[in-house]
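Labels are worth checking against their cut-offs. Take a look at the model first.

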Amino acid sequence: LEINPICDQFYQLQSSAKVLTQDQFNFLNRSACGTHESMDNLLFLRGKALFMQHDCANAQKYFQRIIQIYPNNKHKSEATAYNAQCESQKTTEHSK
């Protein structure tokens, strides 16, 4: 998932601070970023894309937001599994 850097910052800000109402988020997301995806889907897709690029440090930020902000989300179990894989990789790298 390729995300415009401005939209990426927008998603990070919104997921951490909830600065916009849902309607405001949806409008900006559609008009500026060209997508109808919900915030939870965007976070998961971005985290998964970073994970696939072997960028666990940044991927974890997205997975952890899903786990913390959306505890009952459909992506929580996958986000938890990806996050655990990243933790496992960190442990393996530190033990070398």
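Predicted model: local features only at pLDDT ≥ 70, side-chain atom pairs only at ≥ 80, totals over all residues.

Q: Why is F63 called buried?
A: Buried means under 20% relative accessible area, exposed over 50%, partly exposed in between (1.4 Å probe, protein chains only). F63 has 0% relative accessibility, so F63 counts as buried.

Q: What makes Y82 buried rather than exposed?
A: Y82 has 13% relative accessibility, so Y82 counts as buried too.

Q: Why is the pair of F63 and Y82 called stacked?
A: Rings of Phe, Tyr and Trp (its six-membered ring) pair if their centres lie within 6.5 Å; planes under 30 degrees apart count as stacked, over 60 as edge-to-face and the rest as tilted. F63 and Y82 lie 5.2 Å centre to centre, with 10° between the planes. The pair is therefore stacked.

Q: What makes the pair of F44 and F63 tilted?
A: The centres are 6.2 Å apart, and the planes make 55°. That angle is therefore in the tilted range.

Q: How do you know that the charged end of R65 sits over the ring of Y62?
A: The rule asks for NZ of Lys or CZ of Arg within 6 Å of the ring centre and within 35 degrees of the ring normal. The charged end of R65 is 5.3 Å from the centre of the Y62 ring, and it sits over that ring.

Terms used: Residues numbered from 1 in each chain as written. Heavy atoms only, no water.
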